[in-house]
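Below is a colleague's note on a single model. Please read it with the coordinates open.

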Amino acid sequence: MMEDDLKNVSLSEPQLALMRVLWSKPNSTVIEVVDAMRQSRPLAHTTIATMLMRLEKRGLITATKEGRQLIYRANLSESEVQKSMVAELLSSVFLGNAKALLSHLLKEDEIKAEDLEQIRQRLNQKN
């Protein structure tokens, strides 16, 4: 997988949940990933194993053989994936218009008052 492909990451909700397991517990076995995933969603062991193989094939995770088992770790940080997915959302849904995205979040009450205050502080720091 090329470096640019890792910057254009789009993940389904279950794939993102799987990545969150690896971000919170790097170097996990299949069993550890299955146990962590099953706390929030009833997916079969084979489904999770297939998801791991597909994410590895895409270059998003790495599998290392230790003894008889594979150990998985994420190749991208959570913030790198968030950045890529937000950029894709901004580009595809809002046609690159960040103001429209922010307006939508405000209009739909997706941003809490205390979050708005933190955003104001960050904006003031930028100026």
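1. Basis. The model is predicted, and local features need pLDDT of at least 70, side-chain atom pairs count only at pLDDT 80 or more, while totals for chains, interfaces and linings use all residues. Residues are numbered from 1 along each chain as its sequence is written, and side-chain values use heavy atoms, with hydrogens and water left out.

2. Salt bridges. The structure holds 4 salt bridges, a salt bridge being a side-chain nitrogen of Lys or Arg within 4 Å of a carboxyl oxygen of Asp or Glu.

3. Arg 41 and Glu 13. These side chains form a salt bridge with an N to O distance of 2.6 Å. Arg 41 sits in the loop between α3 (30-38) and α4 (45-57) and Glu 13 in helix α2 (residues 13-24), so the pair ties together parts that are 28 residues apart in sequence. Helices (H or I, at least four residues) and strands (E, at least two) are DSSP runs, numbered from the N terminus. Arg 41 is buried, at 15% relative accessible area, whereas Glu 13 is partly exposed at 46%. Buried means under 20% relative accessible area, exposed over 50%, and partly exposed in between, with a 1.4 Å probe and protein chains only.

4. Glu 78 and Arg 20. The closest N and O atoms of this salt bridge are 3.7 Å apart. It links distant parts of the chain, with Glu 78 in helix α5 and Arg 20 in helix α2. The two residues are 58 residues apart in sequence and 7.5 Å apart in space, C-alpha to C-alpha. Glu 78 is partly exposed, at 32% relative accessibility, and Arg 20 is partly exposed at 41%.

5. Lys 25 and Glu 32. Here the closest N and O atoms of the salt bridge are 3.1 Å apart. Lys 25 is partly exposed, with a relative accessible area of 38%, and Glu 32 is partly exposed at 30%.

6. Helix α5. Does the end-to-end distance of α5 agree or disagree with 1.5 Å a residue? The 16 residues of α5 (residues 78-93) should span 22 Å, and the end C-alpha atoms are 22 Å apart, which agrees. The expected span is 1.5 Å times one less than the number of residues. Val 81, Ser 84 and Leu 90 are the buried residues of α5. Just after the helix, Leu 95 has a positive phi of about 50 degrees.

7. Strand β2 (residues 61-66) and strand β3 (residues 69-74) pair in the antiparallel sense over 6 bridges; pairing requires at least two DSSP bridges between two strands. Ala 63 stands opposite Tyr 72 in β3. The hairpin has 2 residues between the strands, and Gly 67 takes a positive phi near 65 degrees.

8. Largest pocket. Its volume is about 470 Å³. A pocket is an open set of points on a 1 Å grid over the protein atoms alone, where a 1.4 Å probe fits, with protein on both sides within 12 Å along at least five of seven lines; lining residues have an atom within 4 Å of a point. The lining residues include Leu 102, Leu 106, Asp 115, Arg 122 and Lys 126. The elements giving two or more residues to the lining are α6 (98-107) and α7 (113-126), and α7 supplies the largest share, 8 residues. By class the lining has 6 nonpolar, 1 polar and 5 charged residues, where Ala, Val, Leu, Ile, Met, Phe, Trp, Tyr, Cys and Pro count as nonpolar, Asp, Glu, Lys and Arg as charged, and the others, Gly among them, as polar.

Technical notes. Grid points are joined across faces, edges and corners, and a volume is the space filled by probe spheres set on the points.
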